[in-house]
Amino acid sequence: MTKPSLPELLHAAVTAVGGTERPGQVTMAEAVAEAIDDASHLLVQAGTGTGKSLGYLVPALAQGERVVVATATLALQRQLVERDLPRTVEALHPLLRRRPQFAMLKGRSNYLCLHRLHEGVPQDEEEGLFDQFEAAAPTSKLGQDLLRLRDWADEAETGDRDDLTPGVSDRAWSQVSVSSRECLGATKCAYGAECFAEMARERAKLAEVVVTNHALLAIDAIEGAPVLPQHEVLIVDEAHELVSRVTGVATGELTPGQVNRAVRRAAKLTDEKAADQLQTAAEGFERLMELALPGRLEEIPEDLGYALMALRDACRTVISAIGNTRDKSVQDEDAVRKQALASVESVHDVAERITNGSEWDVVWYERHEPRGGAAYRHSGASLRVAPMSVSGLLREKLFSDRSVILASATLKLGGDFNGVGASLGLGPEGAEGDDLPQWKGIDVGSPFDYPRQGILYVAKHLARPARDGDRADMLDELTELIQAAGGRTLGLFSSMRAAQLAAEELRSRIPEFPILLQGEETLGELIKNFAADPKTCLFGTLSLWQGVDVPGPSCQLVVMDKIPFPRPDDPLMSARQKAVEDAGGNGFMAVAATHAALLMAQGAGRLVRATGDRGVVAVLDQRLATARYGSYLKASLPDFWLTTDRNQVRKSLAAIDAAARQAEGEAD
């Protein structure tokens, strides 16, 4: 039998998921197949509606080698495992003559730990463990969550937190889960044979396609202890998120609350001398943190240096002391010991990393809003350390020994892939060099007719936004736009404070248009309510810029209050900008403008989600029309029809609103 062609396979898969074949999807599938055959790397920009998951799944399944697919969001992981993969595998089975297995794999703390559930949580203040079910009042929210988790454990197939609906609070989940450092290990644990996390790993070893998340991919790359099974092809979807997820995994943090927790956990398991040494070091660190002012530490102040060395050395002493003492009076000693070691080791590692002082690390103090969490009970400050750049790490760990496909709706910024490529550790496209991975970028376009479906409106007449300045003219403009649109507005703000002020002001000005505000409900609930009522508006910040998918008439106006540059006092971004400038580059364009372009492209992508969608993206920041970098930012956005004419936009919005209301009336 002749081998089926890629177009045949794609046709079968698209038919199975009830989709429509799109030219961009065919182009993408062919480019992915070619990259896998050549063992080369591909950056592919595929606009909303292209069907990009099938564009990479079909050629990946056809080639028959093991594939890891890493995504940034839970929603896409679920879509792949629950919808796209089962249907695609069934559709391709008659043609491929095999039925590839697939599995989901996440970090250990995402799975219910049976040891924690049955034996209890090692308690900080007293010996032994405490039964969290006894400790929580059954009528409390925590008590109800824990009882539900206990019942769920008996019937759960995967033990994966995301399979539990409705979900439970982070606090409840922390009572029944462990980090990889706290885990006893399958051979030492009484529940090792039925462990959910171990079963997930076993399923992944047998699967041809393993679906995971960016964070686990980062841990696999950074920590050197392989978590993912050997694979020949890596597909990174939502690849515009990868650098920030890897940076997050590579960031260390110390807070007084975390250090005090380590002291309490270690106290019962070590000799008095070691415990006292750690207690003294913790008190010295806490005193310093009470005086900490937010901002970057270009050099470690002498007193902080001494405090961190004292912490590091005390942790080292405790780690060896815990290893040498056994205490039979402690109930379930192995679990208590493992949790104490995990706490002390994480404090030791961050203290040592900052003390060693790599030129590639950025260190800063951060102050937190006071809140009730135990981690910040002692002080609202944390000490953080993050890599200046993860590009070298990604080049070395990601692009060797396998073909890597990076896909997203936004990878091409300012007209080419080189900006995103550089952040991933790739040289300019086509550059030759021994240590430079070979890659190419392709933009397969979008099935949408952006110039006809959307307008990009720049409010050029508004005053230039000043940092934290009063923007009365912007609020006037926003009010008029929402009135013209009949509600239907997604407001994307550069800070939570700006979103709150706008919501407060507009709720009193135009009460006929309900305004939902991020933080007042769960994100899922907000999006559901926003989609359900066309008159409703939704205001918020960062996660709304990329997490909202509301096709149809409920979202016909997307407003950005200003260009989302990083805050000038963001320690990591400003350090990265300075590093580019020190190397002779343009730091503002490489860091701040690239960051803003990516967010604006994602934000503008919220408007047109289906072929019938119409609407306006309004940027209430004159700099998009007047500043030199404006053309770079505009080149990163969908190709909407551009105007600065406020009257024209109001007429267009009113016409779109009238058409939507007519359609709604007919539907009734």
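Visitor: Which residues touch the most other members of the largest nonpolar core?
Guide: Leu 112, Leu 149 and Leu 424 do, in a core of 94 residues. A nonpolar core is a set of buried Ala, Val, Leu, Ile, Met, Phe, Trp, Tyr and Cys residues joined through side-chain atoms within 4.5 Å; buried means under 20% relative accessible area, exposed over 50% and partly exposed in between, with a 1.4 Å probe and protein chains only. This is a predicted model, in which local features need pLDDT of at least 70, side-chain atom pairs count only at pLDDT 80 or more, and totals for chains, interfaces and linings use all residues. Residues are numbered from 1 along each chain as its sequence is written, and side-chain values use heavy atoms, with hydrogens and water left out.

Visitor: Which helix gives the most to this core?
Guide: Helix H24, residues 587-604, contributes eight residues. Helices here are DSSP runs of H or I with at least four residues, strands are E runs of at least two, and both are numbered from the N terminus.

Visitor: What does Leu 112 contact, leaving aside neighbours within four places in sequence?
Guide: Its partners include Leu 149, Trp 152, Trp 173 and Phe 196, where contact means heavy atoms within 4.5 Å.

Visitor: New topic: is Pro 568 buried or exposed?
Guide: Pro 568 counts as exposed, because its relative accessibility is 58%. Pro 568 sits in the loop between strand S18 (557-560) and helix H23 (571-582).

Visitor: And what does Pro 568 touch, not counting residues up to four places away in sequence?
Guide: Pro 568 touches Arg 467 and Ser 574.
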